[in-house]
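Please look through the model below before reading on. The paragraphs after it go from the contacts between chains to the parts within each chain.

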Amino acid sequence: MTYRLLIALLTAAMALMFVVALLVGPAKLDVVNSLMALFGHGNQAAVLVMQEIRLPRAILGMTIGATLGLSGAALQGYLRNPLADPGVLGISASASLGAVLALYTGLAAISSLALPLGAMVGAVISVVLIQALAGSYTGTLSLILSGVAVGSFASAATMLALNLSPNPFASLEIVFWMLGSLSDRSMEHVGLAVPFMAVGWVALVASARGLDALTLGGDVANTLGANVGRVRSLVVIGVAVAVGGATSVAGSIGFVGLVVPHILRPLVGQWPSRLLLASALGGASLVLAADVAVRMIAPGRDIKIGVLTALIGAPFFVWLVMKTRRQMP
Amino acid sequence: MTVLQFDNVSVRFASRTILDRIGLEIASGEVVGVIGPNGAGKTTLIKAGLGLWPATGEIRLDGRPFGELSRRERARLVAYVPQERDVVWEMAVASLVSLGRLPYGSSLRAGGADRAVVAQAMNDMDIADFGERTVSELSVGERARVLMARALAQDTPLLLADEPASGLDPEHQIRLLALLRRRAGKGQAIVVTLHDLQAAARWCDRLILMQQGRIVADGPPLAVLTEARIAEVYNCAAFVGADDRGPIIIPTGLADPEA
Amino acid sequence: MYADAGVYRINYGRAEEIFLMRPDVVLSGAFSKPTTVSMLRRLGIRVELFEPAASFAGIQAAIVKMGRVLGRREAAAEVLSAFNKEVAELARQPALGKRAAMYYANSYTSGGETLAAEIVKRAGLENLGSQLGFTGTVKLPLEVLVMGRPDLIVGGRGMTKAKSRSFEIVNHPAVRALTRNHAALVLSDQYWICGTPFTLRAVKNLAATARKAFGEGKR
């Protein structure tokens with residue numbers, strides 16, 4: 001399959017899932033009325049549902065999915081490790097911690113920007129910590145261990161903050177932050193998160209050639225003319241800003257950044273640079289599909305999207321283990 | 001033509017002197033072997049020549065001081081083959097070799113000129129048929145040639161390779177070094193570090209012998225690797241001779257077991 | 001009234017501190033802190049439990065029981081008759097034919113068989129939650145709330161100043177659009193929570209707001 005064909009197929013899949021996401025929901029609206037209402041025609045309630053409830057949800061599903069796929073691909077390219085992803089490395093959990101602290105200390109009441117900024121600070125700190133813990137050796141064991149350490153700490157601190165909050169609902173919200181949810185997000189959330197995600201995307205895409213150069217290691221990359229320090233900054237900043245923005249409005253959605261690049265890598269000839277766009281489109285499609293599934297499986301109940309991505313991710317890990325075992329002599 | 005010049009170059013790290021006032025010149029068309037005991041500074045010499053280790057003194061590539069060159073210019077002047085042979089992604093051989101074109105623009109938008117260089121590099125390393133195979137399917141010796149081809153695809157006047165023959169069986173070792181010799185014949189300057197004295201003597205035009213960060217000898221193989229020198233630097237007794245194909249140098253035992 | 005309340009000491013529902021106060025009787029909600037309740041009973045203290053009132057009938061029963069428990073049956077009877085008189089007066093008000101929907105943090109609404117539903121009914125309004133067939137306090141998807149076109153939205157006031165994500169829903173643009181274009185917004189307060197004679201204030205406030213927003217109904 002050529003690269004162009006792959007990108008075309010993934011784009012089509014994403015567009016299709018976007019439309020489906022607009023048409024699924026507890027308000028029983030048929031296709032024609034839904035689409036008309038989307039553009040402002042028809043009964044007022046339907047317009048409200050389409051423009052203020054379904055549209056922001058679909059936009060966020062698409063952009064957050066793209067962010068997670070792209071971040072996973074960039075992290076895997078930079079760390080030269082196919083198990084890197086914002087969830088496994090504890091970056092999402094740290095972003096959640098930053099967001100929770102901004103929200104529950106009341107900083108977010110002063111400025112709505114405090115929420116994504118808090119998440120970003122959390123994400124940056126986690127990436128710096130992981131690198132410090134794992135050192136320049138980015139072999140699997142030390143990297144995963146660092147990620148688990150950072151992620152565990154962030155989760156624990158989040159639960160503590162929520163338990164200590166005077167607000168009685170706070171301790172129940174841990175589920176949102178750990179599993180993620182797109183329900184009842186508004187265009188305000190879109191306006192808050194999408195600019196940050198877009199900035200992150202720009203930084204990550206700029207690292208593309210550097211990631212190719214890193215295929216044979218940091219030294220060879222250097223001698224191929226790449227500025228490895230600059231690649232690192234781009235990846236760190238890009239992931240922190242994009243994942244921070246995404247997590248601040250939707251909580252921590254796991255496994256997308258791990259599974260999507262892994263599946264698409266053979267289809268892009270293993271090129272790290274090509275994997276970036278493909279993973280963005282694949283991630284967007286996956287999260288949109290998961291969000292549709294969440295609404296179709298149990299329409300009355302509020303199933304968190306992270307449950308579905310975990311249902312995909314956990315078997316994926318099992319398969320990875322089996323594959324690794326088969327390769328061992 | 002001089003492609004690499006070291007002028008009073010030293011490398012210090014953690015209050016240890018790893019390279020001590022090195023001076024040397026490498027010219028196009030020669031295969032130079034850098035030899036010496038473990039810890040003599042061979043790898044550091046290579047890395048200093050690539051700018052991977054900070055060094056005092058002056059290093060010139062193609063006559064131009066290191067500091068004046070941009071990353072890209074440097075990447076077009078010297079290519080590197082490290083000792084480590086891990087490739088993390090299961091790329092096709094042709095893709096891997098084409099990584100060498102990165103300093104010339106994106107290797108993905110490979111134009112006709114890029115493809116020609118890649119094909120030539122693969123020919124030079126005798127892997128022209130390997131294009132669609134993945135690295136993990138290859139033997140160690142074949143993998144070594146693939147990684148070398150990547151450096152050749154960079155089309156630089158100078159190639160620095162750190163222990164390219166280590167871990168290879170005699171056939172693959174000889175194949176690799178012979179192919180490098182052939183390539184040097186077309187004008188490229190090639191510097192390799194080696195442990196195997198026989199391979200170094202047979203396949204290099206010139207040897208640089210290092211000990212404790214200094215160059216102790218520099219010249220044709222038989223001039224550098226005398227029995228006395230081998231005993232002094234390697235603490236080995238050796239048989240030094242020649243046949244009609246070239247030198248024969250075989251360590252036979254320890255020179256001084258008590259040392 | 002708060003000065004009078006100063007006579008009463010706050011406790012946090014821990015057996016130790018209650019025991020030290022040496023009460024004659026302890027009053028508690030039927031679902032609060034069962035372990036504390038059984039501990040107090042084991043220590044020989046009389047504990048009387050009150051079910052949370054889910055209807056006005058429940059309020060009436062609680063008034064009677066309180067009178068019995070405190071040994072002040074006549075005072076309780078007086079409170080009860082005053083309560084019943086006000087309820088009858090409220091029933092004489094005309095129905096407005098408008099629909100209210102409760103919408104609390106985390107998208108919950110009150111369906112039938114809840115105190116909130118009865119407050120709404122006694123104020124002369126319909127309850128969206130009951131019309132949709134819900135009973136108890138259940139989740140109401142935002143889309144369904146919007147399509148249900150309530151004339152009045154009863155929102156939960158934040159209980160403390162600390163923000164929480166659950167309360168964001170009340171500020172959702174779709175909800176704001178509803179209240180801007182058509183629906184009135186009422187914030188439920190302490191009178192909505194506990195089933196006491198003060199619950200009537202909730203009914204009166206709700207009815208007054210509705211009347212002001214939509215004018216008098218037809219007789």
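Two residues are in contact if their C-beta atoms, placed from the backbone, lie within 7 Å. By this rule, 19 residues of chain A are in contact with 23 residues of chain B. The model is a predicted one, in which local features need pLDDT of at least 70 and side-chain atom pairs count only at pLDDT 80 or more, while totals for chains, interfaces and linings use all residues. Residues are numbered from 1 along each chain as its sequence is written, and chains are lettered from A and ligands numbered from 1 in the order in which they are written.

To say where such contacts sit, one needs names for the elements. Helices (H or I, at least four residues) and strands (E, at least two) are DSSP runs, numbered from the N terminus. On the side of chain A that touches chain B, α10 (208-213), α11 (218-223) and α14 (272-297) of chain A each supply at least two residues. Of the elements, α11(A) gives the most to this side, with 4 residues. Residues can also be sorted by class: Ala, Val, Leu, Ile, Met, Phe, Trp, Tyr, Cys and Pro count as nonpolar, Asp, Glu, Lys and Arg as charged, and the others, Gly among them, as polar. The side of chain A that touches chain B divides into 5 nonpolar, 9 polar and 5 charged residues.

Chain A is also in contact with chain C: 23 residues of chain C meet 27 residues of chain A. On the chain C side, the elements that give two or more residues are α8 (142-147) and α9 (173-181) of chain C. The most comes from α8(C), with 5 residues. By class, the side of chain C that touches chain A has 12 nonpolar, 6 polar and 5 charged residues.

Now take chain B by itself. Chain B has 9 helices and 12 strands. Its radius of gyration (taken over C-alpha atoms) is 19 Å, close to the 18 Å that the globule rule gives for 259 residues, so chain B is as compact as a globular protein of that length. The globule rule is 2.2 Å times the number of residues to the power 0.38. Along the principal axes, the C-alpha atoms of chain B fill a box of roughly 60 × 40 × 35 Å. Of the 259 residues of chain B, 46% count as buried. A residue is buried if 20 or more other C-beta atoms, placed from the backbone, lie within 10 Å of its own, exposed if 12 or fewer do, and partly exposed in between. Among the contacts in chain B with a separation of 6 or more, 65% are between residues 24 or more positions apart.

Chain B is divided into domain 1 (1-77 + 156-233) and domain 2 (89-154); domain bounds come from an automatic or database domain assignment. The C-alpha centres of these two domains of chain B lie 24 Å apart. Where they meet, 15 residues of domain 1 of chain B are in contact with 12 residues of domain 2 of chain B. The domain 1 side receives at least two residues from each of α2 (71-75), β7 (158-162) and α6 (170-184) of chain B. The largest share of that side, 5 residues, comes from α6(B).

Strand β7(B) also belongs to an open sheet of 6 strands with mixed pairing, in the order β6-β7-β8-β3-β9-β10 (chain B). Two strands pair if DSSP finds at least two bridges between them. β6 (78-81) and β10 (214-219) of chain B stand at the edges, each with a single partner strand, so one side of each is left without a neighbour in the sheet. How many bridges join β7(B) to β8 (residues 189-193) of chain B? There are 5 bridges, and the two strands run parallel. Within this pair, B:Leu159 stands opposite B:Ile190 in β8(B).

Chain C is likewise divided, into domain 1 (2-91) and domain 2 (99-214). The C-alpha centres of these domains of chain C are separated by 27 Å. Their contact takes 12 residues from domain 1 of chain C and 11 residues from domain 2 of chain C. On the domain 1 side, α4 (56-70) and α5 of chain C each supply at least two residues. C:Ala77 lies in helix α5 (residues 73-91) of chain C. With 13 C-beta neighbours inside 10 Å, C:Ala77 counts as partly exposed.
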